[in-house]
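The sequence and structure are shown first.

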Amino acid sequence: MSDPRLREECLERVPGSDADGDVVLVGTLHDHPASAHRVQSVVERESPAVLALELPPLAVPLFEHHATDTMTPPTFGGEMSAAIQAADGAEVVGVDGPSLAFLGRVVATLHRERASLTTVRSTARSVLSLTKTALTRRVAAAFTALTALQMTVDVPTVYDAGWSDDAERQAADERALMETAEAMRSAFDPPPAADVRTTARERHMADRLTTLRARGDVVAVVGQGHVDAVAAHLRD
């Protein structure tokens with residue numbers, strides 16, 4: 001019997017060319033045990049040259065430290081540290097913003113959409129918040145590197161299904177939550193600033209993956225809501 005946590009709708013393979021590797025996108029629900037199991041299983045199966053994570057580059061060292069945990073999956077860091085723990089020598093790269101390239105993509109998106117001054121201001125505040133979080137994670141990584149302590153700046157999300165539950169219960173809980181989130185996205189238009197940020201992030205992540213696949217096969221761990229858009233950009 002196949003594992004219900006390895007759902008096809010959460011996996012998307014974008015084949016490469018003779019010069020480039022495949023990109024396997026793994027959709028996740030942050031911190032959910034079914035998602036952590038899925039990323040570990042896919043990373044182990046694919047043995048990619050590059051593991052790409054929906055994290056800012058500044059945040060990667062903290063999750064790499066979480067991945068050194070003797071527990072499997074790691075106690076902290078959710079599906080991201082679980083993926084790193086399974087990577088077995090793959091290059092680990094953060095492909096989300098903030099970064100200079102990401103900021104350039106945000107500005108280009110604002111210009112293309114002829115965003116209002118209100119949207120520009122809201123977007124700037126959002127990007128500043130992302131930057132502060134990334135810097136906090138980097139400081140936490142530096143602290144943990146100097147001590148024997150595990151330090152996390154993210155409060156783990158608690159779900160009805162946990163690690164002690166069987167695969168079917170984990171998968172069912174994750175599926176229900178993902179379907180609810182998708183229904184909400186379909187029913188309501190996001191605020192303009194959120195739409196700009198999401199569009200810029202997805203295009204930026206696709207750009208980074210296009211560059212990284214030149215090094216070989218890539219497994220990319222991203223939120224389930226980004227899978228279709230990032231895959232479509234990769235196929236452009």
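Two strands are taken to pair if DSSP finds at least two bridges between them. Helices (H or I, at least four residues) and strands (E, at least two) are DSSP runs, numbered from the N terminus. The model is predicted: local features need pLDDT of at least 70, side-chain atom pairs count only at pLDDT 80 or more, and totals for chains, interfaces and linings use all residues. Residues are numbered from 1 along each chain as its sequence is written, and side-chain values use heavy atoms, leaving out hydrogens and water.

**Sheet**

The model contains an open sheet of 5 strands in the order β1-β2-β5-β3-β4, with mixed pairing. Its edge strands, each pairing on one side only, are β1 (11-14) and β4 (91-94). Neighbouring strands of this sheet are turned by 20° against each other on average, direction ignored. Strands β1 and β2 (residues 23-28) run antiparallel and are joined by 4 bridges; L11 stands opposite V26 in β2.

Helix α3 (residues 78-86) packs on the sheet and touches β2, β3 (50-53), β4 and β5 (218-223), contact meaning heavy atoms within 4.5 Å. The direction of α3 makes about 175° with that of β3. Axes here are lines fitted to C-alpha atoms, for helices over the stretch in contact, and angles run from 0 to 180 degrees between N-to-C directions.

**Helix α1**

The 14 residues of α1 (residues 33-46) should span 20 Å at 1.5 Å a residue, and the end C-alpha atoms are 20 Å apart, which agrees. The expected span is 1.5 Å times one less than the number of residues. Of these 14 residues, 10 are buried, where buried means under 20% relative accessible area, exposed over 50%, and partly exposed in between (1.4 Å probe, protein chains only). Among the buried residues are R38, Q40 and E46. Their cover includes β1, β2, β3, α3, α6 (167-187) and β5.

**Backbone exceptions**

Most residues other than glycine have a negative phi, and most peptide bonds are trans. The table lists departures from this pattern.

| Site | Value | Location |
|---|---|---|
| T72 to P73 | cis, omega near -5° | P73: loop between α2 (60-66) and α3 |
| G97 to P98 | cis, omega near 5° | P98: loop between β4 and α4 (100-112) |

D31 is buried, with a relative accessible area of 17%, whereas S47 is exposed, at 55%.
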